[in-house]
Amino acid sequence: MPDFPIIQTQNICKSFYLEGGQEIPVLRGVDLEVQKGEFVALMGDSGGGKSTLLNVIGCLHPATFGSYFLDGEDIGHISDDYTLAFIRNRKIGFIFQSFNLLHKLSALKNVALPGIYHGMPKEEREQKASQLLIDMGLFDHAEHRPTKLSGGQQQRVAIARALINDPQIILADEPTGALDSHTGEEIMKIFMKLKSKGKTILMVTHSPSAAHYADRIIFMRDGRIIDQNYKIPK
Amino acid sequence: MNLEILNMAGSALTSNKTRTALSALGVVIGVSTVILVVGIGLGAEQKVEQQFKNLSANSLIIMSEMGHDAIGSSKLGIEDVDLVKNASMVKTATAMLGGNVSAAYGKESASKRVIGGTAEIFPISNLNIGAGRAFTDEESADRANVAVLGWQVANDLFGDGNENDSVGKTITLKNKKFEVIGVLEKNGSGMPMLSPDDSVYVPILTAEKALFGSTGMFVINAQITDVKLVDVATYEITTMLRKAHNIRKGRADDFQIRDAGSMVAAATGAAAMMTNLLISVAAIVLLVSGIGIMNVMFVTVTERTREIGIIKAIGGRQKDILTQFLLEAIILSITGGVLGIIIGFSAIPLLNQMEGWYVMPSLKGALLGFIFSGFVGIFFGFYPALRASRLDPVDALRGE
Ligand SMILES: Nc1ncnc2c1ncn2[C@@H]1O[C@H](COP(=O)(O)OP(=O)(O)O)[C@@H](O)[C@H]1O
Ligand SMILES: [Mg+2]
């Protein structure tokens with residue numbers, strides 16, 4: 001079934017509240033559908049709410065209003081830490097602009113880390129982690145700490161980490177934002193490979209060249225989606 | 001799973017060794033203080049116990065009043081013993097005149113405590129004759145130069161294990177010859193110099209004539225018929241002695257009477273007060289060390305906000321983060337606790353070498369120290385750990 005929305009949001013609103021109680025509306029009613037296996041880029045003005053939306057989808061913070069179906073299940077109202085952690089651990093792999101690796105751990109241990117919270121035995125997760133590092137062309141760097149690696153290498157470690165529990169969905173917030181264009185292209189090639197393996201990818205980006213790899217580009221402004229199938233002007 | 005988290009907690013601690021060591025230091029000091037305090041308290045209690053081991057509860061101790069300035073009154077003397085004996089509520093009474101003199105046999109000589117007493121001194125002081133016999137009333141009246149040796153004195157003068165051979169031998173006390181007529185059983189109270197084991201007993205008139213003259217410490221020990229009669233008996237004896245000493249109305253007594261019960265209570269009370277004082281000092285040290293740990297944990301949580309955000313983003317639960325930070329605090333304090341126990345116990349023998357110190361090593365101290373350190377870790381580690389676990393993942397990832 002090609003047209004099954006694995007991510008579906010309806011009228012998602014999210015506000016932040018300042019200490020004085022003042023409301024800052026950031027998402028103002030987002031209707032978004034991402035089909036299973038689709039690679040979608042999310043573009044838009046800075047401060048338009050892209051990261052906030054991605055964090056809602058990644059269960060890192062709750063929406064203020066609206067419903068959210070993940071893989072057909074209504075999870076918008078779940079506030080239980082156990083379930084949310086489970087979703088973040090098994091269903092979603094998160095990739096960040098700044099990699100967010102743990103500097104005290106080797107590349108291998110970083111990749112294996114989500115396996116700990118999955119309850120995977122040490123042998124299994126380290127074997128999986130090694131295989132993923134081989135896939136990312138980083139086998140020689142398995143024992144290196146992240147600080148010894150280049151930006152592109154660190155991002156590949158982060159991708160490997162996102163894959164260790166074999167999630168269906170990859171959420172990436174400006175994954176090439178901290179990389180030069182050549183390295184960015186390499187990362188996008190990895191994303192294409194992931195797509196070919198059936199992963200659903202939702203990627204926030206400012207880079208038109210990165211967005212070109214996506215099946216579809218969604219454009220956001222002021223907390224709303226203003227174009228579900230945006231074409232980058234030539 | 002929890003083993004993994006324990007592992008992570010351990011490596012977090014080893015990654016900042018200086019800070020870990022500094023924050024554990026407070027616990028080390030706290031726990032060794034607890035151990036020493038408990039040791040000092042128990043030591044003091046035992047000291048008191050030993051001091052009064054040979055005093056029965058229905059004893060009244062009558063001593064000269066120090067610094068007495070009543071003109072024309074006589075001092076407490078041996079003649080008062082018979083007077084006290086005649087009091088209706090007194091079962092028996094004995095006088096003691098004590099002081100230190102040099103005791104010698106052959107080449108062996110040492111300064112020993114000599115106590116002059118009547119024949120009743122042995123039953124009144126709960127002392128048993130191990131070999132030979134006690135002195136008789138005749139010997140007392142005749143001022144005979146006879147002596148009963150404490151167990152340790154006999155061993156010191158006649159060689160270890162030869163205490164019973166001393167009976168019948170002649171020793172010198174203050175260069176005067178004394179026949180050894182008996183040896184006491186080992187008493188075992190552990191206070192050197194004050195123990196009956198370390199004392200020599202002679203008839204009181206002998207002690208006065210041959211050894212001390214009017215110097216020396218003179219006390220009368222009266223056994224009353226019933227412990228409940230302490231107050232009445234004290235009143236009776238006071239009246240009799242005031243009359244005998246011609247003390248006019250309105251003038252102060254030239255003697256003082258104390259009962260064993262209140263002496264023990266006073267000494268025990270003093271020991272307990274000291275223990276409580278020390279425990280409060282230790283409690284403050286411990287509190288400070290706990291606050292130190294809490295502080296370090298807060299700094300750690302703040303510094304590792306981003307790490308906490310990452311762990312949450314990849315699926316770590318609140319419980320996992322709480323467990324990890326709590327484990328860090330507990331490992332920290334228990335390591336400090338174990339070190340504190342080692343240091344505390346190593347300090348005890350050193351302290352005991354100092355004059356006047358008696359610190360008793362005890363399991364109680366070790367347990368208290370260990371339980372305390374675990375408690376500090378849990379109590380002061382919990383709040384920072386809870387705060388860490390409840391951080392909002394998005395805020396945490398931003399490193400705020
Ligand atoms: N915790 C917060 N408190 C207040 N305002 C916030 C908070 N997080 C984000 N915002 C605001 O929300 C808006 C959208 O932010 P974001 O989703 O990061 O935009 P984008 O990723 O599209 O650049 C910005 O104006 C930002 O200042
Ligand atoms: Mg953003």
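Analyst: **A hairpin and an interface**

In this predicted model, strands E1(A) and E2(A) form a hairpin with five residues between them, and in the turn A:Gly21 has a positive phi of about 95 degrees. Strands (E, at least two residues) and helices (H or I, at least four) are DSSP runs numbered from the N terminus. Residues are numbered from 1 along each chain as its sequence is written, while chains are lettered from A and ligands numbered from 1 in the order in which they are written. Local features need pLDDT of at least 70, side-chain atom pairs count only at pLDDT 80 or more, totals for chains, interfaces and linings use all residues, and side-chain values use heavy atoms, leaving out hydrogens and water.

E1 (residues 5-17) and E2 (residues 23-35) of chain A pair in the antiparallel sense over 10 bridges, pairing being at least two DSSP bridges between two strands. Within this pair, A:Gln8 stands opposite A:Glu33 of E2(A).

Turning to the interface, the contact (heavy atoms within 4.5 Å) takes 24 residues from chain B and 21 residues from chain A. The buried area, which is the accessible area (1.4 Å probe) that two parts lose on being put together, summed over both, is about 2100 Å² between these chains, with carbon and sulfur atoms giving 63% of it. B:Ile310, B:Ile314 and B:Arg317 supply 26% of the area that chain B buries against chain A, more than any other three residues.

The rule finds one salt bridge across this interface, where the term means a side-chain nitrogen of Lys or Arg within 4 Å of a carboxyl oxygen of Asp or Glu; the side chains of B:Glu307 and A:Lys104 meet in it, at 3.3 Å, N to O. On the side of chain B that touches chain A, H10(B) gives the most, with six residues.
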